[in-house]
Amino acid sequence: MNIACHYSIVRFMPFVETGEFANVGVVMFAPAARFFGFKLLVNRHARVTNFFDQLDAKVFRVSMKTFREELERVGEMLKPMGTDRRLKALDRDGALRLWSELIKPRDTMLRFSESRLVLAQGVKVRLQALY
């Protein structure tokens, strides 16, 4: 069975004035599967820090760590809405509002692409493939 998955690409854009960015991860929400997950660049920082050679590599590493913690916090917020399957059904409206709030445009170094939709038979496999 195909499951509709909302996803967004995580972009690192340290210099807003140039508009240049590097894709550094993917975040996914599949309401029908009660799934929220993400995959972020972990170790291979040189690709990004070499691209933005004027940026201190420590800034990138700290930004990614903080961002990961934020995504984990959002995942925890979704659990009482039904992603942990303790409820009979997902609070779909609340979860979708949280998803929209998460990926809305912000003036930060780490941003999201527009929300996209993809069908998947396995949400974790599709998340890995999109990454």
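Biologist: Where is T83 found?
Modeller: T83 sits in the loop between α2 and α3. Keep in mind that this is a predicted model.

Biologist: Okay, and is T83 buried or exposed?
Modeller: T83 counts as buried, because its relative accessibility is 15% and the cut-off for buried is under 20%.

Biologist: Which residues does T83 touch?
Modeller: Leaving out residues up to four places away in sequence, T83 touches F29, R34, G75, L78 and L90. There is also P31: T83 and P31 are 52 residues apart in sequence, and their C-alpha atoms are 8.2 Å apart in space.

Biologist: Let's zoom out. How many helices and strands are there in the protein chain?
Modeller: The protein chain has four helices and five strands. Starting at the N terminus, the order is β-β-β-α-α-α-β-β-α.

Biologist: What share of the contacts join residues at least 24 apart?
Modeller: That share is 67%, counted among contacts between residues at least 6 apart in sequence.

Biologist: Now the core. How many residues are in the largest nonpolar core, and which have the most contacts inside it?
Modeller: The largest nonpolar core has 27 residues, and V24, F36 and L102 have the most contacts inside it. The elements giving two or more residues to this core are β1 (3-12), β2 (22-30), β3 (35-40), α2 (57-78), α3 (92-103) and β4 (110-112).

Biologist: Which element gives the most to this core?
Modeller: That's α2, with six residues.

Biologist: And what is L102 in contact with?
Modeller: Setting aside its neighbours within four places in sequence, L102 is in contact with V27, F36, L71, V74 and F112.

Biologist: What about a second core?
Modeller: A second, separate core has 13 residues, among them A30, F35, V123 and L127. As background, nonpolar side chains tend to be buried together in soluble globular proteins.

Biologist: Last topic, the charges and the surface. What are the numbers?
Modeller: There are 22 positive and 14 negative side chains, and the centres of the two sets lie 8 Å apart. The accessible surface comes to about 7900 Å², with 52% of that belonging to carbon and sulfur atoms.

Notes:
Residues are numbered from 1 along each chain as its sequence is written. This is a predicted model: local features need pLDDT of at least 70, side-chain atom pairs count only at pLDDT 80 or more; totals for chains, interfaces and linings use all residues. Side-chain values use heavy atoms; hydrogens and water are left out. Contact means heavy atoms within 4.5 Å. Accessible areas come from the Shrake-Rupley method with a 1.4 Å probe; for residues, only the protein chains shown count as cover. Lys and Arg count as positive and Asp and Glu as negative; His and the chain ends are not counted. The place of a charge is taken as NZ of Lys, CZ of Arg, CG of Asp or CD of Glu. A nonpolar core is a set of buried Ala, Val, Leu, Ile, Met, Phe, Trp, Tyr and Cys residues joined through side-chain atoms within 4.5 Å. Buried means under 20% relative accessible area, exposed over 50%, partly exposed in between (1.4 Å probe, protein chains only).
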